[in-house]
Amino acid sequence: MTTPDVTRLRDIDPACLQAVLRPYGLELVRVPDGDAIPGSFWGESEAGLIGDRLYVRPDTPVHSALHEACHYICMDPQRRAGLHTDAGGSYDEENGVCYLQILLAEPLPGIGRDGLMRDMDAWGYSFRLGSTRAWFESDAEDARDWLERYGLLRHGQPTGRLRDIV
C-alpha cells in the first residue's frame, strides 16, 4: 500500500502532542519503529488505543494519533472503561471526533489546523462538501453542537474535559 505524504509523529515534537493530551489524562506511549502498535484498529502505522494509553510510532500520522485521542475524549465513560482497540461510536460522535481533532492540532508546531486538514484530505477523509476545510468551515454545526452538548467545547474552544455524560 502506498501511504500518503502526511505529517507523522517523527515530524513534530512528541512532547507537544503529550501536552495537548495531558488535560484529558491520556498517556502517549511511543512504540519503536517496526514494532506492531498495540490497540491499533487499522494496523500498520495507525495509532492504537488501550484504556487511557494512546500508542504511536514515529511513522504514525499525526491525524491518526489525534483522531484516536479524540475518540477517547468523546466516548462515554462506560465505553472508555472497557476501551481496547475499537473505539466504536455513533455517526454524531465521529463528526465530533473529526472536528475536535482539528482544534487540538492548532497548538502543534509544524502542523496546526491547516496542516491537519490537508493531511485529512490526503489520507482520504471524505466530507460531502468535498474537503475537510469546507466541512469544518461551512457544514460542521452539528459536530460543534454535539461537542458543546457533552461539555467538550465551549465558546469554540476545547474544554480539556472528557465526556462524562452517556
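In the predicted model, helix 2 (residues 62-74) and helix 4 (residues 91-105) are in contact: His63, Leu66, His67, Cys70, His71, Ile73 and Cys74 of helix 2 meet Glu93, Glu94, Gly96, Val97, Cys98, Leu100, Gln101, Leu104 and Ala105 of helix 4. Contact means heavy atoms within 4.5 Å. Helices are DSSP runs of H or I with at least four residues, strands are DSSP runs of E with at least two, and both are numbered from the N terminus. The residues of this contact comprise nine nonpolar, five polar and two charged. Here Ala, Val, Leu, Ile, Met, Phe, Trp, Tyr, Cys and Pro count as nonpolar, Asp, Glu, Lys and Arg as charged, and the others, Gly among them, as polar.

The axes of helix 2 and helix 4 come within 8 Å and cross at roughly 125°, which means that helix 2 is oblique to helix 4. Axes are lines fitted to C-alpha atoms, for helices over the stretch in contact, and angles run from 0 to 180 degrees between N-to-C directions. Angles under 35 degrees count as roughly parallel, over 145 as roughly antiparallel, 65 to 115 as roughly perpendicular and the rest as oblique. The crossing of helix 2 and helix 4 is right-handed; a crossing has this hand if the near helix is turned clockwise from the far one by less than a right angle, and is left-handed if anticlockwise.

Histidine 71 belongs to helix 2. Histidine 71 has a relative accessibility of 5% and therefore counts as buried (under 20% relative accessible area, with exposed over 50% and partly exposed in between, for a 1.4 Å probe and protein chains only). With residues up to four places away in sequence not counted, histidine 71 touches Leu49, Ala87, Gly88, Glu93, Glu94 and Val97. Its C-alpha atom is separated by 9.0 Å from that of cysteine 98, 27 residues apart along the chain.

Helix 4 also meets helix 7 (residues 141-149), with axes that come within 8 Å and cross at roughly 95°. Helix 4 is therefore roughly perpendicular to helix 7. Asp92, Glu93, Asn95, Gly96, Tyr99 and Leu100 of helix 4 touch Asp142, Ala143, Arg144, Trp146 and Leu147 of helix 7. In this contact, five residues are nonpolar, two polar and four charged.

The model also contains an open sheet of three strands in the order 1-3-2, with mixed pairing. Strand 1 (27-30) and strand 2 (48-50) are the edge strands, each pairing on one side only. Two strands pair if DSSP finds at least two bridges between them. Neighbouring strands of the sheet are turned by 30° against each other on average, direction ignored. Strand 2 pairs with strand 3 (residues 53-56) in the antiparallel sense over three bridges, and glycine 48 stands opposite tyrosine 55 in strand 3. Helix 1 (residues 14-21) packs on the sheet and touches strand 1 and strand 3, its direction making about 150° with that of strand 1. Helix 2 lies across strand 2 and strand 3 and runs at about 165° to strand 3.

Most residues other than glycine have a negative phi. Glutamate 44, in the loop between strand 1 and strand 2, has a positive phi near 50°. Threonine 85, in the loop between helix 3 (77-81) and helix 4, has a positive phi of about 80°.

Residues are numbered from 1 along each chain as its sequence is written, and side-chain values use heavy atoms, with hydrogens and water left out. As the model is predicted, local features need pLDDT of at least 70 and side-chain atom pairs count only at pLDDT 80 or more, whereas totals for chains, interfaces and linings use all residues.
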